Amino acid sequence: MKINVRQICFIMAAYTVVARLLLFPMELSNISGRDYLFSALAGFAVQTVVIWAVAYLCSRTQKTFFQLLEDTFGNIVARIIYGLFALFFMAGTLVPILEHKLYVHAIFYDTLPSLTVFLPFFFFAVFAASKGFKNIGRSADICFPLFALCFVFIMVMSFGEAKFAELLPVFKTPVTKIFGGTVAGAYRFVEPCWLLMFMGHFEYKKGDAAKITVSYAVAAALVLLFLAVLYGIYGSITPSRQFAVSKTALYFPAIDMLGRIDLLVLYVMEIVMLFWLVLNIQLAVQCISECTGYKDKFIISLAVNAVFIVLTVTLDHKFSAVQGFFASWFWIATLLFTVIFPLCAWALKKGAKR
Amino acid sequence: MTTLEKNIKAIKSVLSSQDILVFEFKSEAGKKFAAIYADGIADKQLLGELVVKPLRAVKPDDKLEDVKQLLASPEVKDCDKISDGIKEISDGNAVLFVDGEKDFFIIGLKCPPVRAVAEPPTQITVKGPREGFIEDVKTNLGLIRKRIKSDKLQIKTVKVGERSDTAVALVYIDGVCPDGLPEKIEKEIAANKIDIVPDSSYISQFIAKKPRSLFKRCGTCEKPDIFCAKVCEGRVGIVADGSPIALTVPYMIVEDFQSAEDYYITSYRATTLRILRLLSVIIGVILPALYISAQLFKIQIIPLQLLLKISSSVAGLALSPSVEMFLTLFVLEVLNEASIRMPKYVGLALSVVGALVLGDTAVKAGIISTPAIIIIAFSAICLYTVPNLVETTTTLRWLFLIISGSLGPFGMVLFAAFLICYLATEQDYGVPLMAPFAPLVKNDLYDSMVKANINNLKRRPEVFRSKNKVRLQSDENKR
């Protein structure tokens with residue numbers, strides 16, 4: 001088997017959190033205000049159910065998602081659906097890449113550097129995306145402890161400054177805004193699709209569905225903790241805090257003496273973030289390979305990343321417009337691919353039980 | 001022409017070199033013999049004692065079998081092919097011809113000049129055995145046999161090198177070593193036709209799946225105790241004649257962070273030292289690059305008080321921070337190289353001139369700053385905490401330096417991610433280079449960066465998939 005359940009749990013636990021530490025808190029608090037925790041919670045609740053459904057589906061079949069589609073609808077339809085998934089993964093990665101470019105400029109450089117300092121990311125992306133599931137799993141084995149260490153550091157440095165009373169009173173925001181936040185904030189998070197792609201590539205054992213779901217739920221809890229701490233520190237000015245993770249530990253007393261040690265921690269966490277960013281590209285490459293039947297993943301990876309380079313260069317300085325567009329419209333695609341398709345997978349011909 | 005003369009001529013027509021000596025002698029009854037051997041690597045004294053003296057009693061009508069009964073040497077082989085005789089002479093043994101007989105004997109007299117067994121300079125320990133391998137394969141195999149007396153110990157010898165005919169011994173334990181692994185390695189070695197194999201490092205390149213990789217693909221070791229422990233874990237050991245460095249395959253990077261002494265001291269101290277080595281290597285590789293990045297791109301990383309000190313040191317420097325660091329590192333590499341190659345008595349003068357005069361004058365002249373010297377010196381010291389990885393880590397230090405000078409801290413992070421991604425998928429002979437971390441092998445973590453107590457190391461490393469998994473059986477009641 002190419003990947004194992006522990007590695008999937010690590011991916012769920014680490015990448016789910018790092019994906020939500022940059023602009024997600026700001027976006028969410030802009031819409032839902034102090035009740036942004038509930039917006040996040042609603043999003044996580046839906047995704048946890050979907051993840052459980054997909055994980056449980058893995059216990060009923062040994063087939064990959066592609067084989068399920070192929071056995072039910074035939075090869076052509078399976079290829080078309082995989083092509084659509086590839087497009088979804090690519091589209092879903094565009095905002096995170098642009099967001100990440102801004103984050104890199106903000107925390108790695110004192111002065112505003114040119115776009116070219118971010119472009120080498122695509123060399124890494126070409127290399128990593130040409131690797132298969134084995135690499136995804138093994139990278140997660142290394143990334144998880146790095147993430148855990150960094151997250152604990154950041155939390156320890158931030159916790160003392162948080163005044164959790166800032167989060168009270170709850171439910172003062174209208175319910176429509178809370179759900180509006182859920183929809184607008186969740187458009188670029190595709191965790192259930194990851195599991196759909198891993199399906200059939202790992203050996204399912206009894207209780208694995210629970211392990212995967214719990215690891216996602218733990219990640220959700222960590223994100224909620226982070227959001228609570230952030231709001232506890234910044235209160236009503238949270239909506240103006242860009243790249244939240246770089247702001248939470250700012251007031252740690254030892255920073256005066258030791259310098260910005262939080263930045264060093266963030267640099268280590270950046271490694272995990274890079275692997276998270278690349279995961280979607282890796283899955284896009286896998287989908288294109290299945291869709292076209294072309295096995296040279298390096299060439300596919302090169303082509304996919306060339307598209308991203310063109311888009312990154314073209315959309316430089318247009319992040320707000322892109323983000324606004326995606327927040328307004330992309331949630332439909334996200335709903336379709338991360339909720340409806342995975343749930344519909346239960347209706348496919350599963351073949352013999354495990 | 002007699003048979004004896006014919007045989008001598010046949011040998012000399014091939015081995016015409018002057019150091020191939022022919023010693024002709026007669027028994028008291030007049031039977032003629034000729035011993036042919038290579039001067040310098042065959043033991044002449046043994047030839048006299050074990051061959052010439054006993055053969056004085058041979059009678060003219062004695063058959064070959066009777067002659068063999070009189071030979072006092074414990075290593076006598078019958079032979080009928082001149083080509084085999086030639087090989088044995090080149091290997092250091094002697095060929096004994098008897099007049100009137102076509103067949104002949106090969107007498108084991110091999111005695112090449114070897115140095116005494118001593119403590120290896122690269123793996124010095126305070127506690128634990130001090131014996132080290134030498135350049136003679138037989139002595140090295142003896143040191144291994146001394147430690148592993150099991151009937152399952154297997155030693156397979158392969159000859160490599162078209163001209164050197166170097167003996168390479170594969171050492172493994174049946175039932176512990178994964179099935180088929182020694183055969184795979186043997187095949188890889190035999191597939192290479194080369195003139196000469198002067199050292200085991202040639203073999204390590206022959207058997208590596210990616211010989212051009214920046215990272216090592218074979219474990220190296222100079223101490224028989226460590227070698228035997230590794231073989232008992234399920235690895236195949238490789239000992240090459242002429243090399244004091246033995247190889248072990250499969251290899252994992254974590255091995256190089258473990259020192260011989262870790263197994264002879266308390267597990268707490270061993271764990272601390274291993275973590276210290278890991279941190280030292282990370283610091284040694286990235287510190288110069290991080291310093292440049294901080295100066296050029298993100299000054300906030302440096303604490304304010306330190307920043308003030310650094311700014312006063314670098315004020316007025318003619319060179320940019322990255323050029324200054326490059327220059328300092330270049331000087332260090334030159335000093336390092338020269339101090340290894342220079343004769344010992346010049347070496348002392350070199351350290352004085354290099355470290356003191358050159359360093360001090362360069363700072364006073366405003367060419368380089370004190371922090372740069374401190375950082376490079378500390379980096380160099382850090383890297384030597386894991387000497388087996390120095391070839392790789394020094395190269396990585398240069399690469400990080402170039403990247404940080406051009407792309408800043410993001411470049412460094414990107415390069416680190418690239419290395420992780422690259423190393424995560426690399427594997428030789430089915431064992432991942434990053435095991436037991438990627439993939440995570442829970443039980444093997446007890447002897448990785450952490451060194452658990454011997455009582456916790458009951459099973460052999462899972463990553464080798466040995467058939468015999470248990471290495472320690474102890475009475476549970478005693479624990």
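At what angle do the axes of H5(A) and helix H13 (residues 297–314) of chain A cross, and within what distance do they come? The two axes cross at roughly 50 degrees and come within 11 Å. Axes here are lines fitted to C-alpha atoms, for helices over the stretch in contact, and angles run from 0 to 180 degrees between N-to-C directions. H5(A) is therefore oblique to H13(A); angles under 35 degrees count as roughly parallel, over 145 as roughly antiparallel, 65 to 115 as roughly perpendicular and the rest as oblique. The model is predicted: local features need pLDDT of at least 70 and side-chain atom pairs pLDDT 80 or more, while totals for chains, interfaces and linings use all residues. Residues are numbered from 1 along each chain as its sequence is written, and chains are lettered from A and ligands numbered from 1 in the order in which they are written.

From H5(A), Met90(A), Leu94(A), Ile97(A), Leu98(A) and Lys101(A) meet Val304(A), Phe308(A), Leu311(A) and Thr312(A) of H13(A). This contact has 7 nonpolar, 1 polar and 1 charged residues. Ala, Val, Leu, Ile, Met, Phe, Trp, Tyr, Cys and Pro count as nonpolar, Asp, Glu, Lys and Arg as charged, and the others, Gly among them, as polar.

Chain A also touches chain B. The contact involves 30 residues of chain A and 26 residues of chain B, with contact taken as C-beta atoms, placed from the backbone, within 7 Å. On the chain A side, helices H5 (75–108), H6 (121–129), H7 (133–159), H11 (255–258) and H12 (261–292) each give two or more residues. Helices (H or I, at least four residues) and strands (E, at least two) are DSSP runs, numbered from the N terminus. This side of chain A holds 18 nonpolar, 4 polar and 8 charged residues.

In chain B, 5 strands form an open antiparallel sheet in the order E6-E7-E9-E10-E8. Strands pair if DSSP finds at least two bridges between them. Strands E6 (153–160) and E8 (219–221) of chain B are the edges. E6(B) pairs with strand E7 (residues 166–173) of chain B over 8 bridges. Here Gln154(B) stands opposite Tyr172(B).

Strand E10 (residues 246–249) of chain B is covered on both faces. Ala246(B) and Thr248(B) are buried on one side, Leu247(B) and Val249(B) on the other; buried means 20 or more other C-beta atoms within 10 Å of the residue's own, exposed 12 or fewer, and partly exposed in between, with C-beta atoms placed from the backbone. E8(B) joins E10(B) through 3 bridges, and Thr220(B) stands opposite Leu247(B).

How values were computed: Contact = placed C-beta atoms within 7 Å.
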